[in-house]
Amino acid sequence: MYGMLLESVQHFVQLEYGEFVWRQALLTTGCKNTVFNTHQLYPDNLIPDLAAALSAITGKPIDEFMIFFGRCFVRFFSNFGYDELIKATGRYFCDFLHSVDNIHLQMRFTYRKMKSPSMQLTEVDEHGAVLVYRSTRAGFSKYLRGQLLEIAKQLYGMDVSIKVLESQNDNPGGTSGPISIQGGLKTVIVKYRLDFDNREYMQRRVHIKAHPSQLQLTPVNSMLLLNLFPFALILNEEMKITAVGEKLIESWMLNNSNRTPSELIGAKVTDHFKLRRPSGITFTWENIKRLQTVLFEIQLLKGSSAKGTKDLAKAIDSQQTSSQAERTTAPEDASKLMSSIPRRGSQGLRSILLKGEMRYIKDINSLVFLCSPLINNLEELREMGLYLNDLNPHGLSREMVFSGFSHYSRLDLMCEREEQRAEELETSLALADSWKRQGDELLYSMIPRSIAERLREGQNPRETCQSFEEVTVLFAEVQETITGDDSIKYAMTTVNTLNAAFSAFDELIHSPMAYKVETVGKVYMAVSGAPDVNPFHAQHMADLALDMLHSIRKLNLPGVGVKIGFHSGPIVAGIVGLKVPRYCLFGDTVNTASRMESSGETDRIQVSGYTAQKLKKLGYALSYRGKVAVKGKGDMETFWLEGAPSTK
């Protein structure tokens, strides 16, 4: 499907449900696109998948969202002027319903890969109409319902009620019909009953009476139609070909080099032509009479078997004889027609598509297919073995070939540019996401994630300050016993040592069990219980301290050790600074923890008596050190942490 459908969904979901819901729907469906390009093709399953995702998020039915998406598309395409195209189809809503297929045919110049459904009215009365919808996609019948409801309301100012009379192969939530036994997809067929006030249409269009002046017109030879429409067909009630335009005979000969035109006259139309559009209907007299306002597409079939060698003059005579009963005359000079037909093989020729309307002529009780070849540009004209002077002398057939050629060239260029821009945009978005991740990682290394998210939401940094009833703060200082005369060399050795030690410590930090506060010189500071509240802060900090001691020993750096100390108690924490903001801790607990480290010994862990009591209850191995003089606190009882709880 084209991106315009998804653009409409994105715009109105964001408008009515918010950006967060839309992003959640994209995440649920696994869609990596954050923007959609109008003329770019996307998977058919995206719209039903988005409907299912939004249904799961909001609790509303999937069908309700499919109808909503259909309404969204009508509102959205009005911005592109397509509402004027619909209004121009006719004065009444029923005129639009008759012309839906014709609109899709015209859109092929702008959206060349559009797989449009087929829709025809089968019944019309004063209270509404019956519409038959055919498609190879399943699950979009509700989408169509939303489109019809919004078009009726927005463009024709009327309320329409729609109900399903019959449904075949329409699997809810699917994007393709079920596979048939013979291969290929089964056609989804849904018959709708549309109830609306259709009295004015019936009075003006159906029940209208012919003006007396029209009843006085003299009969016109039907050969005139074949002169005006050289590709036309005349069919009798048995759907047999009774007359053919001159150019169509030539095209038939080009595609059937081993057969004679006599096989064409009097044959069933389905023997030589395939009905391409409207799709899903059989080529019968009643069906065609009922769809006289619909544009038909018929493909000329190629033949390969020889069935005799009757001369062309006999074929022309046959056409002339059958046409006399219908006031049709054949070309006078058969030999002239024979000389005008190039005897070229059909191999390599492109099949000719004929587009036009089927009109019932009451006087001769026949259907006349008033058509012209469906050609988009000069290249297709050459591939079909035709020339510009073969096209209808009236109308815009020749002009459309030239305009189609020019239009396609510009459209191809525009599509290439749009695809290139889309690729560049996707690359830029991927790069922006990468930069954002790197920025987040840097930010989270300076500020805790929970605090950073609050700041992003617009919270004042002053409001991030909060108190914690009890946490455990740890200090670890790297000790070096190696000295040297070369100060620069000694400084470089110190930097490398600290980098190795602190990197090893960083690998031990696991949020929310512990948070690295900062490093100052040779001192490493961490906390457990802030900014994420953690009732097991003392246990987790003891484990971290033991792991730090083990990691330093594992590094096996000559003359390098570590002094570790920690203490538990209340603190206040918050963001400090603007240029390089930091998450800082304040309170007596921080000072006491620092004294536990500074008054300790290398390769040993000193803890306060208060924290030691907590750890003893958890089974940690501790030994009593004695009383230590702590600045501002006096003598304090301290303990050495010897090991983790026994696992026996």
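**Whole chain**

I began with the contacts in the chain that have a separation of 6 or more, and 68% of them come from residues 24 or more positions apart; contact here means heavy atoms within 4.5 Å. The model is predicted, with local features needing pLDDT of at least 70 and side-chain atom pairs counting only at pLDDT 80 or more, while totals for chains, interfaces and linings use all residues. Residues are numbered from 1 along each chain as its sequence is written, and side-chain values use heavy atoms, with hydrogens and water left out.

I noted 22 helices and 18 strands for the chain, where helices (H or I, at least four residues) and strands (E, at least two) are DSSP runs numbered from the N terminus. Of the 648 residues, 47% count as buried, buried meaning under 20% relative accessible area, exposed over 50% and partly exposed in between, with a 1.4 Å probe and protein chains only.

**Helix α1 and its partners**

I looked up how helix α1 (residues 3–17) packs on helix α4 (residues 62–77), and found an angle of about 105° with the axes 8 Å apart; axes are lines fitted to C-alpha atoms, for helices over the stretch in contact, and angles run from 0 to 180 degrees between N-to-C directions. That angle makes α1 roughly perpendicular to α4, since 65 to 115 degrees counts as roughly perpendicular, under 35 as roughly parallel, over 145 as roughly antiparallel and the rest as oblique. Among the residues that meet here are L5, F12 and Y17 in α1 and F65, C72 and R75 in α4. By class, the contact of α1 with α4 has 13 nonpolar, 2 polar and 3 charged residues, with Ala, Val, Leu, Ile, Met, Phe, Trp, Tyr, Cys and Pro counted as nonpolar, Asp, Glu, Lys and Arg as charged, and the others, Gly among them, as polar.

I then turned to helix α2 (residues 19–29), whose axis comes within 7 Å of that of α1 and crosses it at roughly 130°, which makes α1 oblique to α2. V9, Q10, V13, Q14 and Y17 of α1 make this contact with E19, V21 and W22 of α2, and the residues divide into 5 nonpolar, 2 polar and 1 charged.

**Strands**

I traced an open sheet of 6 strands in the order β6-β5-β10-β9-β8-β7, with antiparallel pairing; two strands pair if DSSP finds at least two bridges between them. Its edge strands, β6 (241–244) and β7 (273–277), each pair on one side only, and neighbouring strands are turned by 30° against each other on average, direction ignored. I found 4 bridges joining β7 to the antiparallel β8 (residues 295–300), with L300 in β8 as the bridge partner of F273.

I also checked β1 (residues 118–125) and β2 (residues 128–135), which run antiparallel and are joined by 7 bridges. They form a hairpin with 2 residues between them, and M119 stands opposite Y133 in β2.

**A loop residue**

Which residues does N365 contact, leaving aside its neighbours within four places in sequence? I found E237, W285 and Y360. N365 lies in the loop between β9 (353–361) and β10 (366–373), and its relative accessibility of 31% makes it partly exposed. From N365 to E237 I noted 128 residues in sequence and 7.2 Å in space, C-alpha to C-alpha.
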